[in-house]
Amino acid sequence: MIELQGQVALVTGAGRGIGRAVALELARAGADLVLCARTQAQLEEVAAEIRTLGRRALVATGDVSQVAPVEAIVAQALQEFAHIDILVNNAGIRRDAVLLRMKEEDWDEVLQVNLRSAFVCTRAVSKGMLKKRSGRIINISSVIALMGNAGQANYAASKAGLIGFTRSVARELASRGITVNAVAPGYIETEMTRDLPQKAREWIQERIPMGFLGQPEDVAKMVRFLSAPETRYVTGQVFNVDGGMVM
Ligand SMILES: NC(=O)c1ccc[n+]([C@@H]2O[C@H](COP(=O)([O-])OP(=O)(O)OC[C@H]3O[C@@H](n4cnc5c(N)ncnc54)[C@H](O)[C@@H]3O)[C@@H](O)[C@H]2O)c1
């Protein structure tokens, strides 16, 4: 079923990992894509894959935590497609350290990229959604927001902040036909988790009832579900995609 035909999705951090998988999944469901990240080369590769699926793709580079580049990206997208129907706030980083060794710049950078970007992008994109009285906003949080993790106080705070942001904006926009939800992935095989030491990987695996790490596509399927017309009555929720790690 082509349930997203005629819709336009903007995905941040779309050059690799979960963002890339989300962009491809939405394209397979019929959407055209605006792909954002800081590095152009990876975005061009994803755009080429989307075009082979018969969908349109616009590559828009820039730091999505800053107002000026985001406003330029949204203006470029509206010029190309006239509307943005789905926003996936996916761009994220980690700068891990135990509390006493955590530098202020590690704290600030993680909060800026993981949380401020969602605010900046949502504010910019929701203007058009409000006029259209429809839209889907999906924020990629993390199970770390729910369970905490030693060495990730900055990351956990940013991802927990995203959940509060999701629920508040969901309340603000619900009467205008716009849903706002969060997806909380567990441990997913991407660049972000590639450098996990073997011991940490084993420790994690033991705590996942399903016994294995997820793939970016597992998260992408949930984002597609939340983007579809069928989920018009679902808002302000957090959906874990974690093999049962948190329940
Ligand atoms: N991999 C996991 O296990 C996991 C688990 C839970 C949540 N997440 C979250 O999922 C999202 C994607 O993670 P991933 O594993 O695919 O990571 P990744 O490092 O493979 O990809 C992150 C993407 O974000 C982009 N990005 C980073 N900072 C940016 C900025 N300021 N402006 C624009 N783009 C920026 C990068 O260029 C990259 O394309 C992140 O928000 C991450 O926190 C990942």
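Colleague: How near do the axes of α3 and α4 come, and at what angle do they cross?
Modeller: In this predicted model, the two axes come within 9 Å and cross at roughly 30°. Angles under 35 degrees count as roughly parallel, so α3 and α4 are roughly parallel to each other.

Colleague: And what is the handedness of the crossing of α3 and α4?
Modeller: Right-handed, as α3 passes α4.

Colleague: Which residues meet there?
Modeller: From α3 you have V67, V70, E71, V74 and L78, and they meet V120, C121, A124, V125 and G128 of α4. By class, the residues of that contact divide into eight nonpolar, one polar and one charged.

Colleague: Okay, switching to the sheet. What is the strand order?
Modeller: The order is β3-β2-β1-β4-β5-β6-β7, seven strands in an open sheet with parallel pairing. The edges are β3 (57–61) and β7 (238–241), each with a single partner strand, so one side of each has no neighbour in the sheet. From one strand to the next, the twist averages 15°.

Colleague: How many bridges pair β1 with β2?
Modeller: Five bridges, in the parallel sense, between β1 (residues 8–12) and β2 (residues 32–37). If you want a pair to click on, L10 has V34 in β2 as its bridge partner.

Colleague: Back to those two helices. Which strands does α3 touch?
Modeller: Helix α3 (residues 67–81) packs on the sheet and touches β1, β2 and β3, and its direction makes about 165° with that of β3. Helix α4 (residues 104–132) packs on the sheet as well, touching β1, β4 (86–89), β5 (135–140) and β6 (178–185). The direction of α4 makes about 170° with that of β4.

Colleague: Let's stay with β5. Is that strand mostly covered or open?
Modeller: Mostly covered: six of its six residues are buried. G135, I137 and N139 point one way, while R136, I138 and I140 point the other way.

Colleague: How many bridges join β4 to β5?
Modeller: Four, and the two strands run parallel. Have a look at N89, which stands opposite N139 in β5.

Colleague: What does V180 contact, leaving aside its neighbours within four places in sequence?
Modeller: V180 is in contact with I137, T166, V169, A170, L173, T235 and G236. For a pair separated in the chain, take V180 and L87: they are 93 residues apart in sequence and 9.4 Å apart in space, C-alpha to C-alpha.

Colleague: And where does Q237 lie?
Modeller: In the loop between α9 (216–227) and β7. Q237 is partly exposed, with 16 other C-beta atoms within 10 Å. From Q237 to V183 is 8.3 Å, C-alpha to C-alpha, with the two 54 residues apart in sequence.

Colleague: You mentioned α9. At what angle do the axes of α1 and α9 cross?
Modeller: At roughly 45°, with the axes of α1 (residues 17–28) and α9 coming within 8 Å. That makes α1 oblique to α9, and their crossing is right-handed.

Colleague: Who makes that contact?
Modeller: On α1 the residues are G17, I18, R20, A21, V22, E25 and L26, and on α9 they are P216, E217, V219, A220, K221, V223, R224 and S227. The contact of α1 with α9 has eight nonpolar, two polar and five charged residues.

Colleague: Last topic, backbone angles. What is phi of A82?
Modeller: Near 75°, a positive value in a residue other than glycine. Most residues other than glycine have a negative phi. A82 sits in the loop between α3 and β4 and is exposed, with 9 other C-beta atoms within 10 Å.

Colleague: And phi of R133?
Modeller: That one is near 55°, again a positive value in a residue other than glycine. R133 is in the loop between α4 and β5, and with 11 C-beta neighbours inside 10 Å it counts as exposed.

Conventions: Residues are numbered from 1 along each chain as its sequence is written. This is a predicted model: local features need pLDDT of at least 70, side-chain atom pairs count only at pLDDT 80 or more; totals for chains, interfaces and linings use all residues. Two strands pair if DSSP finds at least two bridges between them. Axes are lines fitted to C-alpha atoms, for helices over the stretch in contact, and angles run from 0 to 180 degrees between N-to-C directions. Two residues are in contact if their C-beta atoms, placed from the backbone, lie within 7 Å. A residue is buried if 20 or more other C-beta atoms lie within 10 Å of its own, exposed if 12 or fewer, and partly exposed in between; C-beta atoms are placed from the backbone. Angles under 35 degrees count as roughly parallel, over 145 as roughly antiparallel, 65 to 115 as roughly perpendicular and the rest as oblique. A crossing is left-handed if the near helix is turned anticlockwise from the far one by less than a right angle, and right-handed if clockwise. Ala, Val, Leu, Ile, Met, Phe, Trp, Tyr, Cys and Pro count as nonpolar, Asp, Glu, Lys and Arg as charged, and the others, Gly among them, as polar.
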